[in-house]
Amino acid sequence: MKDQIANWGNYPIAQSTIFSFDSTRSLCDRLNENRYLIARGNGRCYGDSALARNIASTLKYNRFIAFDKDNGTLTCQAGVLLSEIIDVIMPKGWFLPVTPGTKFITIGGAVACDVHGKNHHKEGSFSRHVVEISVVCSDGQHRVCSRSENADLFEATCGGMGLTGIIMDVKFNLKKVESSYILQKKVKAKNLDEIMDLFSQHESITYSMAWIDCLMGGKNFGRSIMMAGEHARLDQLSIREKGHPLNPKQKQKITVPFNVPSFVLNKLTVKAFNAVYYNKTRSKNSESIISYDQFFYPLDSIYHWNRMYGSRGFLQYQFVLPLESSYKGLVDILGRIRTKGLGSFLAVLKLFGEQNDLLSFPMRGYTLALDFPISKGVFEFLDELDKVVLHYGGRIYLTKDARMKKEIFWNSYPHLKRFQEIARKYNPENHFSSLQSERLQVL
Amino acid sequence: MSSILLLGANSDVAVAVGVKYASKGYDIVLAGRRPDELETLKSDLEIRFGIMARVMLFDAENTSGHADFCNQLNPFPEKTFCVFGYLGNQNKAESDWDEANHIIQVNFTGALSIVSRIANRYELQKEGTIIGISSVAGERGRQSNYFYGSAKAGFTTYLSGLRNRLANSGVHVLTVKPGFIDTKMIHGVSTPKILTASPKQVAEAIFRADRKKKNVLYVLSSWRIIMIVIKLIPESIFKKLKL
């Protein structure tokens with residue numbers, strides 16, 4: 001029986017046969033009958049990375065295996081959600097080493113996409129903190145791998161988009177924290193020059209990112225608000241917060257109950273939203289203590305915010321440019337976005353640190369993420385942007401992608417040949433492939 | 001610390017019940033035929049809920065080992081949840097006594113053997129709760145599953161007698177008749193949605209019924225009505241139905 005499956009962007013929608021497994025044995029039982037298979041966790045990648053003719057859902061393979069409370073290492077099965085991990089580790093004084101902007105992803109997805117967070121410039125992406133993983137490859141073998149054992153498999157699986165096999169168990173290091181609160185500093189920047197200066201001034205702060213308004217022109221071109229933060233120490237908390245420093249109450253969740261008609265979201269509403277957001281921050285500089293939830297996962301408090309974009313869905317476009325060409329490239333790209341007026345509800349800017357892995361997205365330089373509701377002309381426009389990104393030596397994030405052309409991909413990921421070699425060794429006959437990997441001819 | 005023994009801990013309902021009781025702070029004893037498969041459930045319950053869990057080998061059919069099994073329960077759990085079962089193959093059982101016997105050994109003989117030993121212990125200590133999963137299939141024999149149904153009917157009758165005997169000893173006996181459950185047991189067979197409960201629903205219902213000291217629990221009330229109707233049909237008509 002086929003199901004209609006889509007990921008977070010609601011585009012594309014695939015006809016897939018989906019099955020779940022709760023043990024290595026039950027996975028291997030299904031492995032032979034299913035080619036063109038990809039693992040899928042909670043479906044929070046945006047496009048077609050976790051779509052295929054056959055999908056192995058990891059959501060029922062979701063048990064905790066070991067938690068070393070003294071040294072801060074956790075081992076769990078691929079289907080465990082980051083939200084579940086936080087519930088377990090935070091009361092013991094630990095936090096995720098790296099977290100993306102949602103906690104509703106699985107740990108398997110975090111490794112396969114080698115996710116990054118607001119601390120990339122200081123602490124790298126998720127895979128840097130992974131000690132050991134196990135992978136079921138196309139021959140049905142369950143292999144343990146790390147930097148010293150089956151090192152090639154480890155290297156190609158971290159960030160490998162599920163193309164080497166199915167990630168089973170993950171052992172990774174946690175981060176010691178004194179509290180679940182974040183000492184947040186917000187700084188307004190009038191334009192692109194200012195915000196880029198702010199990023200370089202704040203490189204020593206653990207977490208940083210900025211909301212950028214893509215619609216303003218002239219002297220306010222690139223006006224932004226930077227959010228920088230550190231885990232709050234006990235002595236920085238108020239008396240009330242000190243009462244439960246590691247046990248934050250979950251806030252009430254709001255749900256967008258249905259797909260919003262697409263006319264609601266036009267240039268005018270986006271402009272209004274951005275203006276309200278910018279002006280909400282009154283002073284140029286402000287400091288506050290907020291919960292980790294508010295700091296890391298502001299959008300998680302609105303369940304199904306993706307429905308804001310209507311049933312046609314949306315594309316998220318995230319690219320990174322090398323540091324040398326970042327300023328020129330951002331001016332060019334933001335200019336084109338502004339002129340085109342296809343809007344962007346959210347635009348996030350961040351400065352990455354060094355990274356040079358096989359298929360992982362980050363590199364030293366600026367990354368920008370924007371949403372585009374699917375509408376007439378969007379695909380053509382993004383094809384145009386791809387060429388600009390490539391021209392400046394940048395690349396597109398696979399986890400967000402649903403439409404990139406293979407030429408762009410092959411010209412922007414320098415270690416593809418090496419990745420292909422390893423992936424073919426463990427996945428010789430395209431046993432594992434996604435709609436994305438077929439589109440981009442990764443294998 | 002209170003604890004609960006899950007007999008047949010590999011099943012989906014047992015896992016859901018384990019999660020529910022662990023979330024309320026109970027230590028959990030996981031007993032099943034394939035203990036190695038219970039190790040990740042043990043670690044998961046311990047890490048998520050900060051309780052203690054223990055894995056034990058238990059085979060319902062091996063009744064001669066049941067006394068030993070009980071001796072190894074130390075401390076002895078205050079609650080016992082008897083959830084193992086074997087649906088078997090009715091057609092096969094009609095012509096193959098081994099299959100029929102297997103159904104009886106697991107669902108009836110094995111269940112009575114272990115529950116009786118535990119009940120005696122509870123009677124001595126004047127407290128304890130026994131929760132037994134029986135089946136609506138045991139309420140009236142039908143051609144499609146009467147081996148399983150009659151074994152469960154026997155177990156239902158046993159539990160009601162046991163409840164009667166222990167009522168004055170402070171020991172509570174709860175009989176659960178879940179109806180269809182969305183589990184491994186009926187995997188592949190599609191059942192009507194309104195008559196099918198999820199393992200989590202079953203676990204929630206059991207926890208509430210245990211707390212309220214209910215005697216007989218139909219997880220979905222629709223089943224109580226269905227079974228009343230089914231039992232009202234005169235045998236002369238019932239025997240001609242294709243059920």
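In the predicted model, strand β18 of chain A, spanning residues 314-322, is largely enclosed by the rest of the structure, because eight of its nine residues are buried, a residue being counted as buried when 20 or more other C-beta atoms lie within 10 Å of its own. β18(A) runs antiparallel to strand β20 (residues 365-373) of chain A, to which it is joined by nine bridges, and within this pairing A:Leu321 is found opposite A:Tyr366 of β20(A). β18(A) also pairs with strand β21 (residues 395-396) of chain A, again in the antiparallel sense, over two bridges; here A:Val320 has A:Arg395 of β21(A) as its bridge partner.

In chain B, seven strands form an open sheet with parallel pairing, in the order β3-β2-β1-β4-β5-β6-β9. Its edges are formed by β3 (53-57) and β9 (216-218) of chain B, each of which pairs on one side only, and the twist from one strand to the next averages 15°. Within the sheet, strand β4 (residues 79-82) of chain B is linked to strand β5 (residues 128-133) of chain B by four bridges in the parallel sense, and B:Cys82 lies opposite B:Gly132 of β5(B). Helix α2 (residues 39-49) of chain B packs on the sheet, where it touches β2 (27-32) and β3 of chain B, and the direction of α2(B) makes about 165° with that of β3(B).

A helix pair was also examined in chain B. Two packed helices are described by the angle between their axes and the distance between the axes. For helix α1 (residues 12-23) and helix α7 (residues 199-211) of chain B, the axes come within 8 Å and cross at roughly 50°; α1(B) and α7(B) are therefore oblique to each other, and their crossing is right-handed. To this contact α1(B) contributes B:Asp12, B:Val13, B:Val15, B:Ala16, B:Val17, B:Val19 and B:Lys20, whereas α7(B) contributes B:Pro199, B:Lys200, B:Val202, B:Ala203, B:Glu204, B:Ile206 and B:Phe207. By residue class, the contact of α1(B) with α7(B) comprises 10 nonpolar and four charged residues, with no polar ones.

Finally, the contact between the chains draws on seven residues from chain A and seven residues from chain B. On the side of chain B that touches chain A, three of the residues are charged, two are polar and two are nonpolar.

Methods:
Residues are numbered from 1 along each chain as its sequence is written. Chains are lettered from A and ligands numbered from 1 in the order in which they are written. This is a predicted model: local features need pLDDT of at least 70, side-chain atom pairs count only at pLDDT 80 or more; totals for chains, interfaces and linings use all residues. Two residues are in contact if their C-beta atoms, placed from the backbone, lie within 7 Å. Ala, Val, Leu, Ile, Met, Phe, Trp, Tyr, Cys and Pro count as nonpolar, Asp, Glu, Lys and Arg as charged, and the others, Gly among them, as polar. A residue is buried if 20 or more other C-beta atoms lie within 10 Å of its own, exposed if 12 or fewer, and partly exposed in between; C-beta atoms are placed from the backbone. Two strands pair if DSSP finds at least two bridges between them. Axes are lines fitted to C-alpha atoms, for helices over the stretch in contact, and angles run from 0 to 180 degrees between N-to-C directions. Angles under 35 degrees count as roughly parallel, over 145 as roughly antiparallel, 65 to 115 as roughly perpendicular and the rest as oblique. A crossing is left-handed if the near helix is turned anticlockwise from the far one by less than a right angle, and right-handed if clockwise.
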